[in-house]
Amino acid sequence: MLQWYDWLFLVIGIIIIVLCLLQGGKSEGASGAITGGGLNVFVKQKERGAEKVVSILTLICAIIFFILALVINILGNIS
């Protein structure tokens, strides 16, 4: 039987997947990768608006996911 923290772990994982899919690509897609159009991948571009919010939410969820993974591991070793 899954505990409450296991369910929370699954939900945070699904949220991270959705947020990663919502982030816009920084290159021209598959055609840009094949033709070399995405050579400016490391050019500094500022995120603005919704793109910045999604990026910050992804970072926050990833930190929560990591901490929750540590907590679940510790709780699993105790019991």
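Start by selecting threonine 58. This residue is buried, with a relative accessible area of 11%. The model you are viewing is a predicted one. Threonine 58 sits in helix α3.

Now show what surrounds threonine 58. Leaving aside residues up to four places away in sequence, threonine 58 touches Leu19, Cys20 and Gln23. Pick Cys20 from that group. Along the sequence, threonine 58 and cysteine 20 are 38 residues apart. In space, C-alpha to C-alpha, they are 7.0 Å apart.

**Step back to the whole chain**

Colour by secondary structure. Following the sequence, the pattern reads α-α-α. The protein has 79 residues, and buried residues make up 16% of them. Threonine 58 is one of the buried residues.

Next, think about contacts along the chain. Take those between residues at least 6 apart in sequence: 81% of them join residues at least 24 apart.

**Select helix α1 and helix α3**

Highlight residues 4–22 for α1 and residues 50–78 for α3. In general, two packed helices are described by the angle between their axes and the distance between the axes. Here the axes come within 9 Å. They cross at roughly 155 degrees. An angle over 145 degrees counts as roughly antiparallel, and α1 and α3 are therefore roughly antiparallel to each other. The crossing of α1 past α3 is left-handed.

Which residues in α1 meet α3? Show side chains on α1 and look for Tyr5, Asp6, Leu8, Phe9, Ile12, Gly13, Ile15, Ile16, Leu19, Cys20 and Leu22. On the α3 side, select Val54, Leu57, Thr58, Cys61, Ala62, Ile64, Phe65, Leu68, Ala69, Ile72 and Leu75. Colour this contact by class: 19 residues are nonpolar, two are polar and one is charged.

Select isoleucine 60, which lies in helix α3. Is isoleucine 60 buried or partly exposed? Its relative accessibility is 41%, so isoleucine 60 counts as partly exposed. Draw a line from its C-alpha atom to that of isoleucine 16: the separation is 9.4 Å. Along the chain, isoleucine 60 and isoleucine 16 are 44 residues apart.

Move to isoleucine 56, also placed in helix α3. At 43% relative accessibility, isoleucine 56 counts as partly exposed. Its C-alpha atom is separated by 9.9 Å from the C-alpha atom of leucine 19. In sequence, isoleucine 56 and leucine 19 are 37 residues apart.

**Finish with the cysteines**

Select cysteine 20 and cysteine 61. Cysteine 20 belongs to the α1 side of the helix contact, and Cys61 to the α3 side. How exposed is each? Cysteine 20 is partly exposed, with a relative accessible area of 42%. Cysteine 61 is buried, at 11%.

A disulfide is a covalent bond between the sulfur atoms of two cysteines. How many disulfides does a search of the whole structure find? The search finds zero. To see why, take the distance between the two sulfurs. The cysteine sulfur closest to that of cysteine 20 is in cysteine 61, 9.5 Å away, which is too far for a bond. A disulfide needs the pair of sulfur atoms within 2.5 Å. Now start from the other end. For cysteine 61, the closest cysteine sulfur is in cysteine 20, and 9.5 Å is again too far for a bond.

Notes
Residues numbered from 1 in each chain as written. Predicted model: local features only at pLDDT ≥ 70, side-chain atom pairs only at ≥ 80, totals over all residues. Heavy atoms only, no water. Buried < 20%, exposed > 50% of the residue type's maximum accessible area, 1.4 Å probe, protein only. Axes fitted to C-alpha atoms, helices over the stretch in contact; angles between N-to-C directions. Helix = DSSP H or I, 4+ residues; strand = E, 2+ residues; numbered from the N terminus. Parallel < 35°, antiparallel > 145°, perpendicular 65-115°, else oblique. Left-handed = near helix turned anticlockwise from the far one by under 90°. Contact = heavy atoms within 4.5 Å. Nonpolar A, V, L, I, M, F, W, Y, C, P; charged D, E, K, R; others polar.
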